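Please report on how the two chains of this model meet, and on selected features within each chain.

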Amino acid sequence: MVEDELALFDKSINEFWNKFKSTDTSCQMAGLRDTYKDSIKAFAEISRQNKLIQEKKDNLLKLIAEVKGKKQELEVLTANIQDLKEEYSRKKETISTANKANAERLKRLQKSADLYKDRLGLEIRKIYGEKLQFIFTNIDPKNPESPFMFSLHLNEARDYEVSDSAPHLEGLAEFQENVRKTNNFSAFLANVRKAFTATVYN
Amino acid sequence: MEKEVAQSLLNAKEQVHQGGVELQQLEAGLQEAGEEDTRLKASLLQLTRELEELKEIEADLERQEKEVDEDTTVTIPSAVYVAQLYHQVSKIEWDYECEPGMVKGIHHGPSVAQPIHLDSTQLSRKFISDYLWSLVDTEW
């Protein structure tokens with residue numbers, strides 16, 4: 001569009017010049033008037049252009065500011081992500097080390113418990129209600145796998161309390177009293193086992 | 001006056017031309033900035049996605065940490081308690097390095113420490129259990 005305008009101006013100027021050169025005063029006056037008209041058109045065009053230029057300048061400044069903002073945001077995000085990645089890497093390492101150590105420890109503890117369980121023929125289990133269950137095997141020579149069990153917990157008075165013996169043991173209440181008095185849990189279990197064994201031979 | 005008018009027209013022509021050039025430059029600048037803006041938008045979107053993925057990793061790590069915590073505070077202490085209970089009750093300490101098939105250890109009696117050495121390949125399980133329990137004092 002600007003090119004069109006320029007072409008127009010060229011034409012105007014040429015026309016004016018030709019008129020100016022070759023005609024008399026009245027023609028010159030007419031020529032001047034036309035030229036003034038063209039000038040006004042030209043200035044209108046300049047004004048329009050300037051408005052457009054200002055508009056585009058404003059848009060460009062806005063866009064540049066947005067770009068700057070995004071660049072900063074990008075920088076922050078990148079740094080943030082990097083920090084998180086490093087943190088997670090460290091955490092992963094820590095977790096891995098802890099898991100390894102825990103697994104080792106549990107393995108050793110389990111091995112130890114298994115040896116006791118197999119050799120003593122006694123399984124100790126934690127069950128619901130904060131109770132411990134003791135299961136003896138290798139009691140009945142005819143059925144070594146046959147279980148002889150009872151449960152134990154600490155009651156509200158923090159005393160040993162036995163329950164759920166299978167098979168039923170006559171002397172269990174007495175043993176309970178003794179262990180409450182002496183706190184000799186070792187003797188308690190040895191006596192319970194002896195009593196269970198006696199039930200088989202009777 | 002004709003000269004002034006002609007000059008004025010020439011100046012106007014020049015100004016329009018300059019204006020046209022400036023508009024072209026601005027247009028090019030807007031184009032470039034626009035493209036950069038689009039690229040940055042895409043980069044930001046990608047990083048935002050990456051951040052979301054990291055959040056999932058964080059949640060997973062938290063879960064793993066909880067499991068480790070449970071092992072450390074519940075599972076292991078529980079296993080330690082049971083192992084210690086066996087040890088306390090039987091007063092027996094095993095030799096974990098002995099040959100397979102052998103039952104080897106020490107029973108820490110009230111006055112004497114007694115070695116244990118049984119061949120489980122030659123003895124029944126009941127015999128071994130009975131023997132080991134016979135070492136445990138029934139006296140209250």
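How much area is buried between chain B and chain A, and what share of that area do carbon and sulfur atoms give? About 7,500 Å² is buried between chain B and chain A, and carbon and sulfur atoms give 72% of that area. Buried area is the accessible area (1.4 Å probe) that two parts lose on being put together, summed over both.

This is a predicted model, in which local features need pLDDT of at least 70, side-chain atom pairs count only at pLDDT 80 or more, and totals for chains, interfaces and linings use all residues. Residues are numbered from 1 along each chain as its sequence is written, chains are lettered from A and ligands numbered from 1 in the order in which they are written, and side-chain values use heavy atoms, with hydrogens and water left out.

**Interface**

Contact (heavy atoms within 4.5 Å) links 75 residues of chain B with 86 residues of chain A.

| Item between chain B and chain A | Count |
|---|---|
| Salt bridges | eight salt bridges |
| Polar contacts, both at pLDDT 80 or more | 23 residue pairs |

A salt bridge puts a side-chain nitrogen of Lys or Arg within 4 Å of a carboxyl oxygen of Asp or Glu. A polar contact is a pair of N or O atoms within 3.5 Å; within protein, one must be able to donate a hydrogen and the other to accept it, and residues adjacent in sequence count only if both atoms are side-chain atoms. A:Asp118 and B:Arg125 form a salt bridge through their side chains, at 3.9 Å, N to O.

On the side of chain B that touches chain A, two or more residues each come from α1 (2-90), β1 (92-94), β2 (102-108) and α2 (125-134) of chain B. Helices (H or I, at least four residues) and strands (E, at least two) are DSSP runs, numbered from the N terminus. α1(B) gives the most to that side, with 54 residues.

**Helix α1 of chain B**

B:Thr73 lies in this helix. Its side chain reaches the backbone oxygen of B:Asp69 at 2.7 Å.

**Sheet of chain A**

Four strands of chain A form an open antiparallel sheet, ordered β1-β2-β3-β4. β1 (122-127) and β4 (160-166) of chain A are the edges; each has a single partner strand, so one side of each lacks a neighbour in the sheet. Strands pair if DSSP finds at least two bridges between them. β1(A) pairs with β2 (131-136) of chain A over six bridges, in the antiparallel sense. A:Lys126 has A:Leu132 in β2(A) as its bridge partner.
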